[in-house]
Amino acid sequence: MAAKGKEKEKEPVDIVHQNAILCETIMKEQRSQKLYTQFSINPFKKLHVLPGKPMPRHANEDGKEDPNFLKIIHGARLEPTKKYTHPQTESQEIGWISTPLIVSDRSDRRISFPRQNSEITKYMDAAWRLKEQTQNLG
């Protein structure tokens with residue numbers, strides 16, 4: 001019981017061992033790193049277009065925009081159904097196919113139920129219209 005109450009003494013810090021661990025960690029990090037030399041604008045981040053300087057040194061001589069850049073920017077602003085062939089998330093699955101399954105035929109009484117007015121609904125429509133008119137005047 002007395003042995004449990006005593007805390008273990010920490011071993012002294014071995015600087016050589018810590019340096020070896022640090023060197024191994026750095027080697028592993030450098031092995032997985034990749035050097036990027038070509039950079040581009042993230043097309044999925046919204047840009048705030050700012051005008052250029054009035055007298056730039058390296059001005060574009062022909063004054064035309066880069067068509068590849070414009071294509072990427074316009075493609076990023078499209079809705080997901082035009083951008084991708086299938087939904088990217090589960091929440092996109094709902095409503096991904098928005099075309100109706102059958103052609104709607106208003107003359108078919110089995111699937112078309114137009115609004116029908118009775119005496120009560122006609123009376124209430126008139127009452128609501130009257131109420132809206134009095135509120136707009138007041």
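Q: Is Asp-108 buried or exposed, and how is such a label read?
A: The label rests on relative accessible area, where buried means under 20%, exposed over 50% and partly exposed in between, using a 1.4 Å probe and protein chains only. In this predicted model Asp-108 is buried, because its relative accessible area is 19%. Local features here need pLDDT of at least 70 and side-chain atom pairs count only at pLDDT 80 or more, while totals for chains, interfaces and linings use all residues. Residues are numbered from 1 along each chain as its sequence is written, and side-chain values use heavy atoms, with hydrogens and water left out.

Q: Which residue forms a salt bridge with Asp-108?
A: A salt bridge is a side-chain nitrogen of Lys or Arg within 4 Å of a carboxyl oxygen of Asp or Glu. Asp-108 is joined in this way to Arg-110, with the closest N and O atoms 3.0 Å apart, and Arg-110 is exposed, since its relative accessible area is 68%.

Q: How many salt bridges does the structure hold?
A: There are four salt bridges, among them one between Lys-82 and Glu-79, whose closest N and O atoms are 3.0 Å apart. Lys-82 is exposed at 58% relative accessible area, whereas Glu-79 counts as partly exposed at 37%.

Q: Where do Glu-24 and Lys-28 lie?
A: Helices are DSSP runs (H or I, at least four residues), numbered from the N terminus. Glu-24 and Lys-28 both belong to helix H2 (residues 15-32), four residues apart, which is about one turn of the helix, and their side chains meet in a salt bridge of 3.6 Å, N to O. Glu-24 is partly exposed at 45%, and Lys-28 is likewise partly exposed at 46%.

Technical notes
Helices (H or I, at least four residues) and strands (E, at least two) are DSSP runs, numbered from the N terminus.
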